[in-house]
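Reader: I have some questions about the terms used for this model. Please set each value against its cut-off.

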Amino acid sequence: MIDADALPPLKILFATPECAPWVKTGGLGDVSAALPRALAALGHDVKLLMPLYAPLKKLTARATRSVHIEAKGPWPASRLVCWRPKGLPFELLLLDCAELFQQGGGPYDDSGGDHARRFGWLSRVAALLASDATPWPQWRPDVLHGNDWPAGLAPAYLRTLPAPHARTVFTIHNLAFQGLFPLDRAPQLELPPAWLTPDGIEYWGRLSFLKAGIHEADAITTVSPTYAREILHEAHGCGFDGILRSRAERLHGILNGIDTSVWNPATDELLPMRYSAEQLDGKSLNKQALQERLRLHTDPHAPLFGMVSRLTHQKGVDLVLDVLPWLVEQGAQVAVLGQGDADLERALQDAAARHPGRVSVQLGFDETLAHLIEGGADAYLMPSRFEPCGLNQMYSQAYGTLPVARATGGLADTIVDLSAGPEAATGFLFEASTADALQVTLRRVLDAWSAPEVWHAMQRRGMQQQLDWSGSARRYEALYRSLR
């Protein structure tokens, strides 16, 4: 057997629309920071390519070098701003193009201009760097790893460019986001007419960046083994199940991890009190701090349920609203942080107004409060209708906050239900996507809360798991090498 540690390191180009802490709209931002870090820790030479959005412009002053990219065809002149922040084991390549990226705020801001061109250009530059047409011949990757639809055209573009080429991996973080645009945008994106067919990247009369990535990548990954199986079927395939079944031999489910340098209650500087599986006393002090900050009744005996989420139908927020009056009647408290659908935001705010001291709803995103909810809540609500992987259920287990979740996608892969016994269990799972099923499970949660020895055993088991990226990074490393 070949020893992976004895093989030469790989050069890996990681293309993404976001990376925490600089740009983050969800789990992709966290993954884009943590996976390259874990791959670099294995000795690989990793560079991360993402757009230089307007709020990041100040970072150009810290550049160590820049690479000019000439205007050609429909594409504007640009440059790569290269920067390695102190302590970061990989280099950032920030794609600086004022015409495309200096409008609006974040990656998907509707005021930010033409998404087809901005992410088409991100994909095009990724492909250039991974080919013999690179504007930076001093560094050429062995592997180009694109993430979600904004990088979906990269494997397709690469096939049109001079060899040698990097091999390509395309990760689907959420199949529901498909990068759909009118077919008449093809000339502005340098997409050949031959591609605009059902056997190419056309999808129901539109072009799909996501389909391009699935169709052309050497390997396709999703962010959990269960989700990789689910998306082969109509219920979770979002219309792409047939396309994915035709590429099933290329499809791999590799579970996300979490960055334990950021999400670790023993070292988390955003918590008022740090704690560990061996010293859980600090968690009760964080609970008190959370109750005081959110103006909930300061009651150590009330089970406190947290939820940090996009407020959408996918996340099961409507199910939480349905059971919330009953949950409050049982003496529980609920703390919600997030933003999303306006109707769900209003309904949650109305619920908070009806239950002062018992329900708190904070709209928007606050990193410190997110950590405090994980550190101070007793249980965590995650009743998603589908969840490719999910990170908060892993944050919760690391913080001794027992997750309550649907058995779908990565939730099913990372949570062990109480039915396995308190010494093995790390949370609570339910099958049906209904308020009744959630309420039955919450009754089990409350029963376990009333038995402290059961609750503490589950907390310790969850906190003792290996949830970091080390194992999954090894699996990506093995996949990259198999393609070469």
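Author: A charge is said to sit over a ring if NZ of Lys or CZ of Arg is within 6 Å of the ring centre and within 35 degrees of the ring normal. Arg124 lies over the face of Tyr157 in that sense, at 5.0 Å from the ring centre. Arg118 lies over the face of Phe119, at 5.8 Å from the ring centre. The model is predicted, so local features need pLDDT of at least 70 and side-chain atom pairs pLDDT 80 or more, while totals for chains, interfaces and linings use all residues. Residues are numbered from 1 along each chain as its sequence is written, and side-chain values use heavy atoms, leaving out hydrogens and water.

Reader: Why is the aromatic pair of Trp449 and Trp455 called edge-to-face?

Author: A search of the whole structure finds 16 aromatic pairs. For Trp449 and Trp455 the centres are 5.2 Å apart and the planes make 85 degrees. Rings of Phe, Tyr and Trp (its six-membered ring) pair with centres within 6.5 Å, and planes under 30 degrees apart are stacked, over 60 edge-to-face, the rest tilted. The pair formed by Trp449 and Trp455 is therefore edge-to-face. Tyr476 and Tyr480 also form a pair, at 6.2 Å centre to centre, but with 40 degrees between the planes it is tilted.

Reader: What makes Trp455 buried and Trp449 partly exposed?

Author: Buried means under 20% relative accessible area, exposed over 50%, partly exposed in between (1.4 Å probe, protein chains only). Trp455 has 4%, so it is buried; Trp449 has 22%, so it is partly exposed. Tyr476, at 1%, is buried, and so is Tyr480, at 0%.

Reader: Where do Tyr476 and Tyr480 lie?

Author: Both are in helix α17 (residues 470–483), four residues apart, about one turn of the helix. Helices (H or I, at least four residues) and strands (E, at least two) are DSSP runs, numbered from the N terminus.

Reader: How do you know that strand β3 and β4 pair?

Author: Two strands pair if DSSP finds at least two bridges between them. Strand β3 (residues 65–69) and β4 have five bridges, in the antiparallel sense, so they count as paired. The partner of Val67 in β4 is Leu80. Five bridges also join β4 to strand β5 (residues 91–96), again antiparallel, and the partner of Trp83 in β5 is Leu92.

Reader: Why is strand β4 called largely enclosed?

Author: Five of the six residues of β4 (residues 78–83) are buried, so the rest of the structure largely encloses this strand.

Reader: What makes the side chain of Thr222 a polar contact of the backbone nitrogen of Ala228?

Author: The distance is 3.5 Å. A polar contact is a pair of N or O atoms within 3.5 Å; within protein, one must be able to donate a hydrogen and the other to accept it, and residues adjacent in sequence count only if both atoms are side-chain atoms. Thr222 is in strand β11 and is buried, at 0%.

Reader: Which residues does Thr222 contact beyond its neighbours within four places in sequence?

Author: Contact means heavy atoms within 4.5 Å. Among the partners of Thr222 are Ile172, Tyr227, Ala228 and Tyr476. Ser224, in the loop between β11 (219–222) and α6 (225–230), touches residues including Gly253, Pro388 and Asp413. Ser224 is buried, at 0%.
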